[in-house]
Amino acid sequence: MIKQNDKISITGGLLDRRVFLKKGLVFSVATLSSDPLHATRDDARLPWMKTPGATFSNYGQPSTYEQDVIRWTMANSMAGGNGVSWTPLHKMEGTITPNGLHFERHHNGVPQIEPERHQLLIHGAVEKPLIFDMVALLRYPMTSCFTFIECGGNSNAAWRDEPIQVAAGYFHGMASCSEWTGIPLSILLNEAKIKEPAKWVIAEGADAAMMSISIPLDKMLDDCILAVYQNGERIRPENGYPLRLIVPGWEGVLNVKWLRRLHLTNRPSMTRNETAKYTELLPSGKARQFTFVMEAKSLITSPSVGQKLENPGLYQISGLAWSGRGRITKVEVSADAGRTWAEAELQQPVLSKCFTRFRIPWQWDGKGTVLKSRAVDETGYIQPERSALIAARGKYGYFHYNAIVSWGISNQGEISHVYTE
Ligand SMILES: Nc1nc2c(c(=O)[nH]1)N[C@H]1C(S)=C(S)[C@@H](COP(=O)(O)O)O[C@H]1N2
Ligand SMILES: [Mo]
């Protein structure tokens, strides 16, 4: 119970979540008169209340009034199939990404695979090489994994010297989160009978890039799945139909789409995506390689760049946190540029290696300030400030940017991306 004289302000205008229960907030559009039924907008004469609605559809679409909730696409000007699209995280709530909004990263376009002709080969250091078609695979026991996929190159614009002014999702949205359902990889690898000296698995896709990458066998046996379903329906072509590898918590590039081959070997094969790309140049001149895990990260999605605070008053700060090492245990928010921090509420259930939604109420006093969020995961890892990340990694690593994101609020309520140190 909250008592009348309880202090609910925490710091910098951030408030205890109970403020919503205590204050009996009224955000409604009109104060009701003695005749509430007739005070609603236009009474009961709105057009959709007078004629029967549209009929049934075979596959539902978002409301036509939500047409700006879309991926932002950036194809390579020379080779249109190579590029990226970003998830509009700043226009979304909750933790699951609808399939049509999952970010995309293709090296050579989206293949239109006929499921009857698709096969998966498991070979190399195994006693019994195996070939599966989709019919055979669908007979195996399945499990679900709620996990995010994040490209190792996500947020890379933040390495630049000047903060870019791009909507939160079109900047940090090379990350999406789904329920992936499929076959635990350990079942199939054990069926093929792994033999010495297998330590790595080279996974290859059936796209025109035939993208391949090396993955440690231990991870494959631990929690990887061969996904067939994405949020309850078959995986979308752009996300790997009919079969993709899910490597929970690790770099997006390891989640090979349109998977056609798993080759067990004793060492990594040093493909392009583990040498020229997805390695990070350090200030020493050496490069980090096999930096598989996506470290803890968080982002305030609302309010965020491009949005505007209309007037001083009470706002709900909402954002996402995730960690490739496990569960998020804490997200702190600062409304005074990092001087003081308050703990946000985490939406339950908090799942390992999955998007976690955090929220905290905030009383904006109309003055300029900076909002930040900072994630902590179950290993005790704390999301670093940008200056600390740059001190450790330099500016030319390009991949694995996971520093604290700062949103500047002007006294007019305009929001911009800022660096504070
Ligand atoms: N076969 C194949 N798999 C692939 C890719 C690709 O181009 N071809 N891109 C990789 C990269 S770099 C990332 S970040 C993820 C992106 O997955 P998504 O497009 O489903 O978001 O897929 C990975 N798997
Ligand atoms: Mo990626």
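Ligand 1 sits in the largest cavity. Keep in mind as you look around that this is a predicted model.

Let us start with the shell. Ligand 1 is surrounded by 20 residues, and the closest of them are Phe103, His107, Asp207, Arg244 and Lys257.

| Protein side | Ligand 1 side | Distance |
|---|---|---|
| histidine 107, polar side-chain atom | oxygen atom | 2.7 Å |
| asparagine 239, N or O atom in the side chain | oxygen atom | 2.8 Å |
| asparagine 255, polar backbone atom | nitrogen atom | 3.1 Å |

How much of ligand 1 does the protein bury? Taken alone, ligand 1 exposes 540 Å², and the protein buries 100% of that.

Is asparagine 255 buried or exposed? Its relative accessible area is 4%, so asparagine 255 is buried. While a polar backbone atom of asparagine 255 is 3.1 Å from a nitrogen atom of ligand 1, a polar atom of the side chain of asparagine 255 lies 2.9 Å from the backbone nitrogen of valine 247.

Isoleucine 113 belongs to the loop between E5 and strand E6 (119-124). Because its relative accessibility is 17%, and buried means under 20%, isoleucine 113 counts as buried. Between isoleucine 113 and alanine 392 there are 279 residues in sequence and 43 Å in space, C-alpha to C-alpha.

Glycine 319, in turn, is part of strand E19, which covers residues 313-322. With a relative accessibility of 0%, glycine 319 also counts as buried. Where does arginine 393 lie relative to glycine 319? The two are 74 residues apart in sequence, and their C-alpha atoms are 26 Å apart in space.

How values were computed:
Residues numbered from 1 in each chain as written. Chains lettered and ligands numbered in written order. Predicted model: local features only at pLDDT ≥ 70, side-chain atom pairs only at ≥ 80, totals over all residues. Heavy atoms only, no water. Near = heavy atom within 4 Å. Polar contact = N/O pair within 3.5 Å; in protein donor to acceptor, adjacent residues only side chain to side chain. Areas by Shrake-Rupley, 256 points an atom, 1.4 Å probe, with all protein chains shown as cover. 1 Å grid on protein atoms, 1.4 Å probe; cavity = no way out; pocket = protein on both sides within 12 Å on 5 of 7 lines; lining within 4 Å. Sits in = over half its atoms within 2 Å of the grid points. Helix = DSSP H or I, 4+ residues; strand = E, 2+ residues; numbered from the N terminus. Buried < 20%, exposed > 50% of the residue type's maximum accessible area, 1.4 Å probe, protein only.
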